[in-house]
There are 2 protein chains.
Amino acid sequence: MSVPATVKLLFHSDLDDPAAWIPHLRREMPGLEVEVWPKVADPRDVDVAFIWTQPPEGLSTYTNLKAILALGAGINQLDLASLPSGVPLARLVDPMLAAAMADYCLYAVLHYQREFDRHARAQAERRWNHTLPRAKDGFRVGVMGLGEMGGTAARLIAGHGFPVRGWTRTPRTFAGISCFAGDEALGSFAAKSDLVICLLPLTAATRGILGKPLFDRLPAGAFVVNAGRGAHVVDADLVAALDSGRLGGAMLDVFREEPLPSGHPFWAHPLISVTPHVASFGDPRSATPQVVENVRRALAGRPLLNQVDVARGY
Amino acid sequence: MSVPATVKLLFHSDLDDPAAWIPHLRREMPGLEVEVWPKVADPRDVDVAFIWTQPPEGLSTYTNLKAILALGAGINQLDLASLPSGVPLARLVDPMLAAAMADYCLYAVLHYQREFDRHARAQAERRWNHTLPRAKDGFRVGVMGLGEMGGTAARLIAGHGFPVRGWTRTPRTFAGISCFAGDEALGSFAAKSDLVICLLPLTAATRGILGKPLFDRLPAGAFVVNAGRGAHVVDADLVAALDSGRLGGAMLDVFREEPLPSGHPFWAHPLISVTPHVASFGDPRSATPQVVENVRRALAGRPLLNQVDVARGY
């Protein structure tokens with residue numbers, strides 16, 4: 001379909017580099033003008049917002065917005081309640097985003113199964129720690145959330161030879177993966193997960209799910225990987241479970257406050273690996289077609305791809 | 001074919017646990033008696049030696065040996081010159097051995113491509129280092145050696161989406177991998193390898209190959225992974241190349257002296273990850289059939305599977 005000669009896009013992100021996006025967007029849509037916050041000539045002229053978070057002053061002055069396109073697969077970084085009502089919101093479901101996430105998760109699985117964490121600690125003590133690891137088929141991986149992210153990660157890890165089980169809020173089936181659903185199945189899911197990976201959306205029902213009750217059901221010495229959202233973790237419960245030996249280690253990519261404050265106990269904990277929200281990242285090359293398609297849909301007043309049900313929260 | 005009622009096997013290894021092997025060996029060959037060094041009733045009764053290294057006193061008192069089966073894919077840990085002459089020697093080519101090695105290499109590739117090394121250093125300084133990594137298709141992996149180990153690793157890494165090139169002493173072809181061969185091609189192989197993995201056999205021609213001339217041909221900031229043998233590396237050249245910024249990091253699993261001496265500079269170097277010779281390990285479950293077959297062949301005087309050409313060195 002045709003596109004108006006000039007379309008104005010607001011870009012706002014602390015994490016993403018507009019220079020990485022603009023050439024790809026303009027190649028697909030030559031009439032696109034990208035205004036990188038805070039250099040916005042007139043907010044009333046902006047058609048579509050392409051943002052990680054809202055600008056600090058909010059979006060209320062952008063009175064002609066036809067769509068808000070999130071710069072991520074999750075939208076919890078946005079303050080949903082303060083978004084302009086009636087403007088459709090879409091998540092960015094970039095195939096590369098899920099592939100990058102799956103690689104992060106596979107790396108974390110190999111890190112703990114092959115005991116690279118122990119080798120790094122031994123190296124710091126100049127200690128030759130020659131122990132042979134558990135075989136892959138004895139290292140059971142539990143994936144929480146089997147959406148675009150979790151499903152891709154679960155498939156990659158299972159294809160790599162690890163036994164994989166999955167847990168979701170509502171029942172799912174997934175070839176090659178033992179599926180568990182709902183609160184009542186969480187304990188039996190956890191009981192045989194030597195490593196759990198959280199890739200759930202953050203909702204009222206999943207907030208704090210990585211806390212003492214779950215940790216107490218995991219096998220002794222199990223590992224926790226969180227690449228969902230920071231608020232999935234009860235920070236004090238995690239530190240306590242590591243300190244008591246209940247858990248063997250944690251790799252965390254997301255935090256309740258980001259950047260993780262320099263005084264936070266996670267930084268210096270010997271059993272925690274902190275990564276700075278890099279498990280997954282949009283790749284302009286693979287994501288541009290979806291962004292451009294959603295700009296076209298917004299201008300035409302059609303439903304967006306991957307439009308968010310704001311009430312459900314994802 | 002039939003097997004004598006009793007066969008005696010000598011087991012000697014500092015690295016491998018005889019208790020992990022004996023049940024599997026005896027299940028396949030009930031008449032097998034395993035004598036774990038130093039508890040050997042009479043060396044003259046031993047039919048086959050299954051060893052990582054020679055026992056300290058050598059094998060000269062084992063006067064009826066029909067075969068020496070190495071407990072590894074490489075045989076450089078054995079002092080070939082002092083082995084009893086005329087006794088055939090075989091490497092252990094366990095399919096799991098190559099799969100475990102390939103996983104180690106894939107882990108190392110993800111470690112550097114996804115900048116987990118930089119994130120760990122940032123964590124030590126409580127620094128939020130949010131940078132996005134190079135895309136996989138821009139992270140070129142060079143594999144040196146395309147035998148059982150190198151070929152399996154190259155296939156896994158290429159299948160995972162990384163561009164892979166291979167280098168061998170003598171020309172090889174390998175689907176999906178750009179192959180280079182011989183000394184004259186080593187420079188052009190290196191020039192486009194953002195990370196090199198050494199999985200070569202150790203011979204006079206490959207000793208010290210991971211040294212200044214090679215490092216100088218790699219792209220600036222390239223990474224080196226050595227899971228071949230310790231003597232492939234010129235230790236001082238590696239430290240100098242890391243200190244000068246020529247190389248960005250190294251992951252090393254094998255060393256000229258093992259265990260790595262506590263005073264060795266590799267231990268404390270911030271750009272070196274030391275792992276204690278765990279990149280690959282025999283799995284008794286998958287390797288037992290080959291060991292038992294070679295015991296049968298030895299008793300029958302037939303050539304062994306994976307028999308070593310001692311003059312060639314592999």
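Helices (H or I, at least four residues) and strands (E, at least two) are DSSP runs, numbered from the N terminus. The model is predicted: local features need pLDDT of at least 70, side-chain atom pairs count only at pLDDT 80 or more, and totals for chains, interfaces and linings use all residues. Side-chain values use heavy atoms, with hydrogens and water left out, residues are numbered from 1 along each chain as its sequence is written, and chains are lettered from A in the order in which they are written.

View 1. B:H264 sits in the loop between strand 11 (247-252) and strand 12 (272-274) of chain B. The relative accessible area of B:H264 is 16%, so the residue is buried (buried means under 20% relative accessible area, exposed over 50%, partly exposed in between, with a 1.4 Å probe and protein chains only). Apart from neighbours within four places in sequence, B:H264 is in contact with A:R126 and B:D235, where contact means heavy atoms within 4.5 Å. The loop between strand 11 and strand 12 of chain B also holds B:P259. A cis peptide bond links B:E258 to B:P259, with omega about -10°.

View 2. A:R126 belongs to the loop between helix 3 (116-124) and strand 6 (141-144) of chain A. Its phi is near 55°, a positive value in a residue other than glycine. A:R126 counts as partly exposed because its relative accessibility is 36%.

**View 3. Helix 3 of chain B and its cover.** Helix 3 of chain B spans residues 116-124, and B:F116, B:D117, B:H119, B:A122 and B:Q123 are buried there. Both chains contribute to the cover of these buried residues. From chain A, the cover includes helix 2 (95-113), strand 11 (247-252) and strand 12 (272-274). From chain B, the cover includes helix 2 (95-113), strand 10 (222-226) and strand 11.

**View 4. The relation between the two chains.** Chain B can be laid on chain A by a turn of 180° and a shift of 0.0 Å along the axis, with an RMSD of 0.0 Å. That is the relation of a two-fold axis. The superposition is by least squares on the C-alpha atoms of residues with pLDDT of at least 70 in both copies. Among the residues of chain B, B:Y107 comes closest to the rotation axis, with its C-alpha at 3.1 Å. The same surface serves both copies, as 100% of the contact residues of chain B recur in chain A.

**View 5. The loop between strand 2 and strand 3 of chain B.** B:K39 lies in the loop that runs from strand 2 (32-36) to strand 3 (48-51) of chain B. With a relative accessible area of 71%, B:K39 is exposed. B:K39 and B:F11 are separated by 28 residues in sequence and by 9.7 Å in space, C-alpha to C-alpha. B:P38 is in the loop between strand 2 and strand 3 as well. The peptide bond that joins B:W37 and B:P38 is cis, and omega is about 5°.

**View 6. B:V164 and its contacts in chain B.** B:V164 is part of strand 7 (residues 164-168) of chain B. The residue is buried, with a relative accessible area of 5%. Not counting residues up to four places away in sequence, B:V164 touches B:V141, B:V143, B:A154, B:I157, B:A158, B:G176, B:I177 and B:S178. B:V164 and B:V87 are 77 residues apart in sequence, and their C-alpha atoms are 39 Å apart in space.

**View 7. B:N306 after helix 8 of chain B.** B:N306 is located in the segment after helix 8 (284-300) of chain B. Although B:N306 is not a glycine, it has a positive phi of about 55°. B:N306 counts as partly exposed, at 29% relative accessibility.

**View 8. Chain A as the setting of the close-ups.** Chain A has eight helices and 12 strands. Buried residues make up 57% of its 314 residues. Of the contacts in chain A with a separation of 6 or more, 63% are between residues 24 or more positions apart. The C-alpha atoms of chain A fill a box of roughly 65 × 40 × 35 Å, taken along the principal axes.
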